[in-house]
Amino acid sequence: MASLFSGRILIRNNSDQDEVETEAELSRRLENRLVLLFFGAGACPQCQAFAPVLKDFFVRLTDEFYVVRAAQLALIYVSQDPTEEQQDLFLRDMPEKWLFLPFHDDLRRDLGRQFSVRRLPAVVVLKPGGDVLTSDATDEIQRLGPACFANWQEAAELLDRSFLQPEDLDEPARRSITEPLRRRKYRVDREAGRGRGRSSHDSGDPGDAGARAELWW
């Protein structure tokens, strides 16, 4: 899978926008994982409506608040935004574990052609070896939510990572006797933060994502 982005820069969607600098780090983030290529644009109303759905889908599979061990899943935002400012604005409220291509990288367009993306939003699901598992999982994610992953995992014959060496990348912290109290506080703090920090990205009705924006190259 890492070979698809070999020689390219991928950026983490954190506050510092750290680059994935080495081939080894890139391989660790992508190998033995299902990789979602999310084709979208901030100027696309359908993408704005779908983004909160995809965000919730990803978080519920990878955030330790919901799961003890993150799913073997990676997401790369393949921006179709007309400006870098719109790309940054769209990513602002998305998960920090998302990766994205630099705005100036022509691979953003090339991937759309390679995977025959014609409408936005689109989510291409790739097996660890790079083969296409689902050409567009947008509707499936909206209908089934995180349950999709179990189906994909079985279809991709994904090697259970619990038999692999632990990864520093997303290994959960060792549990302690105080963890239930900390998790309860985390739940309260998070729910309060959601009420204060809800952005315009979350205001779209997910049902509106049924109408898809045409994409041309």
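Which residue, with a positive phi, follows α4? The legends below refer to a predicted model, and the first view gives the reply.

**View 1. Ser116, after helix α4.** Ser116 follows α4 and has a positive phi, near 55°. Ser116 is not a glycine. Its place is the loop between α4 and β6.

**View 2. The buried face of helix α4.** Helix α4 spans residues 107–114, and its buried residues are Leu107, Arg108, Leu111 and Gly112. Viewed down the axis of α4, these residues fall within an arc of 145°, so they line one face of the helix. In an α-helix there are 3.6 residues a turn, so residues three or four places apart point the same way.

View 3. Cys47 belongs to helix α2, which covers residues 45–62. Cys47 counts as buried because its relative accessibility is 0%, against a cut-off of under 20%. With neighbours within four places in sequence left aside, Cys47 is in contact with Gly40, Ala41, Phe90, Leu120 and Pro121. Between the C-alpha atoms of Cys47 and Ala122 the separation is 8.7 Å, while the two residues lie 75 residues apart along the chain.

**View 4. The cis peptide bond from Leu120 to Pro121.** Omega for the bond from Leu120 to Pro121 is near -5°, and the bond is cis. Pro121 sits in the loop between β6 (119–120) and β7 (122–126). Both Leu120 and Pro121 are among the residues in contact with Cys47, a residue of helix α2.

**View 5. Thr134 in strand β8.** Strand β8 comprises residues 132–134 and includes Thr134. The relative accessibility of Thr134 is 17%, so Thr134 counts as buried, the cut-off being under 20%. Not counting residues up to four places away in sequence, Thr134 touches Val123, Val124, Val125, Glu140 and Trp152.

**View 6. Gln17 in the loop between β1 and β2.** Gln17 is found between β1 (10–12) and β2 (19–20), in the loop that joins the two. Its phi is positive, about 50°, although Gln17 is not a glycine. Is Gln17 buried, partly exposed or exposed? At 35% relative accessibility, Gln17 counts as partly exposed.

How values were computed:
Residues are numbered from 1 along each chain as its sequence is written. This is a predicted model: local features need pLDDT of at least 70, side-chain atom pairs count only at pLDDT 80 or more; totals for chains, interfaces and linings use all residues. Side-chain values use heavy atoms; hydrogens and water are left out. Helices (H or I, at least four residues) and strands (E, at least two) are DSSP runs, numbered from the N terminus. Buried means under 20% relative accessible area, exposed over 50%, partly exposed in between (1.4 Å probe, protein chains only). Contact means heavy atoms within 4.5 Å. The arc is that of the directions from the helix axis to the C-beta atoms.
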